[in-house]
Amino acid sequence: MQTAPEIIFHDVQRSDWVERYIAERLERVERYAEGITRCRVTLTQEVASHNKGNRYSVLVEVRLPPNHDLAAKKQKVVHDMRTELPALINQAFGAIENQVKKTAQLRRAASSD
């Protein structure tokens, strides 16, 4: 990746294990396409009514040159941060990986024409 990934925490306590886990998932995304120029991951605790529990969202944004801005957002009620937050991060990164794969295929097809 050409720049360091940006990890933003909104109403979520910053922790080393979450940052390490996100970094591992970013490495996997980079395998599918070269030249990622920007990556931003935002973890947010959504505002919800008191009886609905803690709803969290993970937004992953990736920029691939020349002009491909990709984004995936997943939301889930999380009761146990250690077990359920990684699953939510996996869902968001799985969605962005699919988009990156498709975009990389389109770029390869366009360059071979």
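This is a predicted model: local features need pLDDT of at least 70, side-chain atom pairs count only at pLDDT 80 or more; totals for chains, interfaces and linings use all residues.

1. A charge is taken to sit over a ring if NZ of Lys or CZ of Arg is within 6 Å of the ring centre and within 35 degrees of the ring normal. By that criterion K101 lies over the face of Y32, at 4.6 Å from the ring centre.

2. Residues are numbered from 1 along each chain as its sequence is written, and side-chain values use heavy atoms, with hydrogens and water left out.

3. Four strands form an open sheet in the order β1-β2-β3-β4, with mixed pairing; strands (E, at least two residues) and helices (H or I, at least four) are DSSP runs numbered from the N terminus, and two strands pair if DSSP finds at least two bridges between them. Because β1 (6–10) and β4 (68–77) stand at the edges with a single partner strand each, one side of each is left without a neighbour in the sheet. Neighbouring strands are turned by 10 degrees against each other on average, direction ignored, with axes fitted as lines to C-alpha atoms (for helices over the stretch in contact) and angles running from 0 to 180 degrees between N-to-C directions.

4. Strands β2 (residues 38–45) and β3 (residues 55–64) run antiparallel and are joined by eight bridges, and V41 has V60 as its bridge partner in β3. Helix α2 (residues 81–112) packs on the sheet and touches β2, β3 and β4, its direction making about 155 degrees with that of β4; contact here means heavy atoms within 4.5 Å.

5. The pairing of β1 with β2 is parallel and extends over five bridges, with L43 in β2 as the bridge partner of F9. On β1, I7 and F9 belong to the covered face, whereas E6, I8 and H10 make up the uncovered one.

6. Six salt bridges are counted, each defined as a side-chain nitrogen of Lys or Arg within 4 Å of a carboxyl oxygen of Asp or Glu. One of them joins R40 to E6, with the closest N and O atoms 3.3 Å apart. This pair links distant parts of the chain, R40 being in strand β2 and E6 in strand β1, 34 residues apart. Salt bridges that share partners join E6, R40 and E61 into one network.

7. R25 lies in helix α1 (residues 16–32) and E97 in helix α2, so the pair ties together parts that are 72 residues apart in sequence. R25 is buried at 7% relative accessibility, and E97 is buried at 5%, where buried means under 20% relative accessible area, exposed over 50% and partly exposed in between (1.4 Å probe, protein chains only). E97 also forms a salt bridge with R28, the closest N and O atoms being 3.7 Å apart, and R28 is partly exposed at 33%.
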